[in-house]
Amino acid sequence: MSKNKIPYKTYLTEEELPKAWYNIRADMKTDHRPILNPGTLKPVTAEELAPVFCDELVKQELNDKDRFIEIPEEIRNFYKMYRPSPLVRAYCLEEALGTPAKIYYKYEGGNTSGSHKLNSAIAQAYYAKEQGLRGVTTETGAGQWGTAMSMACGYFGLDLKVFMVKVSAQQKPYRKAVMETYGAAVTPSPSDTTEIGRKILAKDPETGGSLGCAISEAVEAAVTTDGYRYVLGSVLNQVLLHQTVIGLEAKTAFEKLGEHPDIVIGCAGGGSNLGGLMGPFMAEKLAGKDAPYFLAVEPASCPTMTRGRFAYDFCDTGMVTPLAKMYTVGAQFIPSSSHAGGLRYHGMSPILSQLYHDGYIDEARSYNQTAVFEAATQFARVEGTLPAPESAHAIRAAIEEALKCKETGEAKTILFGLSGTGYFDMGAYMQYNDGSMTDNIPTDEDLERGFASLPNVPADI
């Protein structure tokens, strides 16, 4: 144990579980650009979103005024089954690296879904049930979100249709089995069950799919099925809102320890984990106070923030969703079949995109998947938890920052999000262990083909 006697794990009490989500939009100096109707290029209204999303979630999506939004008691009671989650001091990793840095991680894998996704899934299912809906549709990449949503729908007695990215369904068949155990109907995407899916397959019958493809199919299924709405596991404002329980708990835990992070690191796909962890700490920076250095980490195979453009784009491949101003590599860009399926999304949350564009998120960094699995393996061997490939991107960055401290002698405090476990990703670990894992990085020409699909939106909108 360290001389200062900081425990390995810091737990909050049930009474310290957040009673309200933090709405970062209320504090942003520049709100993200409005979501647009692609037909009119006018900001979408609540009435236009109502056929797609649950009514209460539409209100949360458009809310830019209320700093805190109360968490309903039934959701808080469900949270108590697995929250508050621990803030863990990575003593063994620190020792292995020989660093003076203090390394902490917020561990979100302590529930059956194995990730942070349940924080928003249970909220979205609750509002669907309250509205009297029969069921919901959604997409999933690596399967964490689909698993979480199947758990939430099973709890509230709702039907669930999941469109799972085809390559992830092939890589992670047991994820599909878990979802079906909780009662979900799972379809590999793109499929021949929707008009959009059939169009995508006609264009490229061998495609492994993408989150953008799966979103298109899920939205179509929702709007063409009575009593259904669509739910999404990342990107949207409502999802980042629900995920702020992560950062709120982390802040409280640090306060109990008398500590404060100098660097906050999160993996970046659509933005739910990154925004949930960073958001409450970002409030300090937006208020002009001393704040951590914020670092977003993404896969080199889908370099949204590091090589993408800040532009209006469709949120899905089928181009049926509204337009969002975000960092994007183009809705028609299909990333390689990397194992971090939850990060294979062409765009980034409008909130996080605006914060990055304005310099509040200090840095975005990308890594090849072999480098990511090297870090994941090192972490697993010394800390005892097998991380999800997505989370391992943040681990890689945390290790690099800790090694910088070793070079400079600075004892910085590093916080990263361990957003989930990797126990359904053994095929990926097997490839890394036997040396058959490869790195697939898009060329500039590949990205240009994605950028060519960006819609023509006037600059003054």
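**Briefing: a parallel sheet, its helices and some loop residues**

Val235 lies in the loop between strand E9 and helix H11 (237-257); helices (H or I, at least four residues) and strands (E, at least two) are DSSP runs, numbered from the N terminus. This is a predicted model, in which local features need pLDDT of at least 70 and side-chain atom pairs count only at pLDDT 80 or more, while totals for chains, interfaces and linings use all residues. Residues are numbered from 1 along each chain as its sequence is written, and side-chain values use heavy atoms, with hydrogens and water left out.

**The sheet**

- Four strands form an open sheet in the order E8-E7-E6-E9, with parallel pairing; two strands pair if DSSP finds at least two bridges between them.
- At the edges are strand E8 (185-189) and strand E9 (228-230), each of which pairs on one side only.
- On average, neighbouring strands of this sheet are turned by 20° against each other, direction ignored. Axes are lines fitted to C-alpha atoms, for helices over the stretch in contact, and angles run from 0 to 180 degrees between N-to-C directions.
- Strand E7 (residues 159-165) pairs with E8 in the parallel sense over 5 bridges.
- Within this pairing, Met164 stands opposite Pro188 in E8.
- Helix H6 (residues 144-156) packs on the sheet and touches strand E6 (135-140) and E7. The direction of H6 makes about 165° with that of E6.

**Helices H6 and H8**

- Two packed helices are described by the angle between their axes and the distance between the axes.
- H6 packs against helix H8 (residues 173-181) at an angle of about 15°, and their axes are 8 Å apart.
- H6 and H8 are therefore roughly parallel to each other; angles under 35 degrees count as roughly parallel, over 145 as roughly antiparallel, 65 to 115 as roughly perpendicular and the rest as oblique.
- The crossing of H6 and H8 is left-handed, a term used if the near helix is turned anticlockwise from the far one by less than a right angle, with right-handed used if clockwise.
- From H6, the contact (heavy atoms within 4.5 Å) involves Gln144, Gly146, Thr147 and Ser150, and from H8 it involves Arg175, Val178 and Met179.
- The residues of this contact divide into 2 nonpolar, 4 polar and 1 charged. Ala, Val, Leu, Ile, Met, Phe, Trp, Tyr, Cys and Pro count as nonpolar, Asp, Glu, Lys and Arg as charged, and the others, Gly among them, as polar.

**Cis peptide bonds**

- The peptide bond from Arg83 to Pro84 is cis, with omega near 0°.
- Pro84 sits in the loop between helix H3 (73-79) and strand E4 (87-89).
- Pro84 is buried, with a relative accessible area of 10%; buried means under 20% relative accessible area, exposed over 50%, partly exposed in between (1.4 Å probe, protein chains only).
- Leaving aside neighbours within four places in sequence, Pro84 is in contact with Tyr11, Leu12, Thr13, Glu14, Leu17 and Glu249.
- Pro84 and Leu12 are 72 residues apart in sequence, and 5.9 Å apart in space, C-alpha to C-alpha.
- Ser189 and Pro190 are also joined by a cis peptide bond, with omega about 5°; Pro190 is in the loop between E8 and helix H9 (195-203).

**Positive phi values**

- Val235 is not a glycine, although its phi is positive, at about 70°. Val235 is buried, with a relative accessible area of 5%.
- Leu41, in the loop between strand E2 (20-22) and helix H1 (46-49), has a positive phi of about 60° although it is not a glycine. Leu41 is partly exposed, with a relative accessible area of 23%.
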